[in-house]
Amino acid sequence: MAIILGIESSCDESAAALIGSDRTVLAHRLAGQEEAHKPYGGVVPEIAARAHVQVLTPLIEAALKDAGLVLDDVDAIAATAGPGLIGGVMVGLVTAKALAMAAGKPLIAVNHLEGHALSPRLADASLEFPYLLLLVSGGHCQILRVDGVGQYRRLATTIDDAAGEAFDKTAKILGLGYPGGPRVEALARQGDPKAVPLPRPLLGSAEPHFSFAGLKSAVLRAVQSGTHRPEDIAAGFQQAVVDCLVDRLERALSQSSSTHSPFVPSEVEGRDRKGSRMRPSTSLGNAENVETAFAGATPGKPKTLVVAGGVAANGAIRAALESLAARHDMGFVAPPLWLCTDNAAMIGWAGAERFALGLTDPLDLPARPRWPLDPEAEAARGAGVKA
């Protein structure tokens, strides 16, 4: 069994985990920053980066102690290399590089989005490629066809706000504080989702993408009108998000049934365990190790609908997606709640999946504030590089 040290620091959670290639979570430590950011109603990047510097090394030491291991017992070190708040990403990645260099261990640079995308496979050993993924978080809202590790085809993205961003801004408008998603969900349970007429942007549109900016603005107008209960506004907002997600997924399901799906590998240049350069990118060449890396791709119609990311913890969204999957005779997989929000276990697991394929990275690899899973996807209007 290979053991991977995972490090996460892309936003406002610092985390370290020890993950076995057999899916055993040997240890996981996490430190949040809610109190530090609460006065500002959202994450302040500079405050987040300083907090990572202060707590990340003690978290790694604690995780190793919890697992009864020392650094020499670890087979590789995986860290988020992007996308995210660049200050925080740099703290975690530099820490991982220092440990890798000092201990003579391979470095695995993990795309934070791939961490979310593969996290359901940590929780469910029966989940096989390909699957249709709704990746829904504070910074991203995408539908992806997942054909294998590093193989993603983006079917839809947001043209403005992400769903999680809309939840947080709605919470701020309603005076609920930060973090917003869980607070909006809790308030929505007390309200009538039909009481406040709110829009469903792009519902039924031939365009595949999401849009939540107009919904957020409608929430602001509803609050300013003074004629609606906060509970009803929260319930109506949440239901509007659910309706948009289900509608866009219905469209994607009809588009993803192709029996052929060319993979789009990750852009990170890596090295195999002998130190040979590997570039699972736009120019694959004929390298034997690259052939091996992508041999696990499974063409055909996805049989499972998967949701991941912080917003996947929302109960109403999980229930609606489970019903959608059942209507399409598909399986449904959602990670346990603790794996939905940012954590180091998913980074360690993504590292384990990449390590098993011989994919490691050089120590001069840079941190990346933007890093799409599907770099060949057509640019969406509005979102542009954010997608």
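1. Pro 83 sits in the loop that runs between strand 4 (76-82) and helix 3 (86-103). Helices (H or I, at least four residues) and strands (E, at least two) are DSSP runs, numbered from the N terminus. The peptide bond from Gly 82 to Pro 83 is cis, with omega near -15°.

2. A word on the basis. This is a predicted model: local features need pLDDT of at least 70, side-chain atom pairs count only at pLDDT 80 or more, and totals for chains, interfaces and linings use all residues. Residues are numbered from 1 along each chain as its sequence is written, and side-chain values use heavy atoms, with hydrogens and water left out.

3. Phe 129 and Pro 130 are also joined by a cis peptide bond, with omega about -5°. Pro 130 belongs to the loop between helix 4 and strand 6 (131-136).

4. Most residues other than glycine have a negative phi, and most peptide bonds are trans. Arg 23 is not a glycine, yet has a positive phi of about 80°. Its loop links strand 2 (13-20) and strand 3. Arg 23 has 24% relative accessibility, so it counts as partly exposed (buried is under 20% relative accessible area, exposed over 50%, partly exposed in between; 1.4 Å probe, protein chains only). Leu 202, also not a glycine, has a positive phi of about 65°. Leu 202 lies in the loop between helix 6 and helix 7 (213-225).

5. Now the largest pocket. It holds about 1,500 Å³ of space. Of its 47 lining residues, Cys 11, Ser 137, Gly 138, Gly 139 and Asp 168 are the closest to its centre. On a 1 Å grid over the protein atoms alone, a pocket is an open set of points where a 1.4 Å probe fits, with protein on both sides within 12 Å along at least five of seven lines; lining residues have an atom within 4 Å of a point. The volume is the space filled by probe spheres set on the points, which are joined across faces, edges and corners.

6. Which element gives the largest share of this lining? Helix 5, with six residues. Domain 1 (3-124 + 342-357) and domain 2 (154-258 + 300-333) both contribute to the lining, so the largest pocket lies between them. The domain bounds come from an automatic or database domain assignment.

7. Helix 6 has these buried residues: Gly 180, Gly 181, Val 184, Glu 185, Leu 187 and Ala 188. They cover an arc of only 165° around the axis, so they are on the same side of helix 6. The arc is that of the directions from the helix axis to the C-beta atoms.
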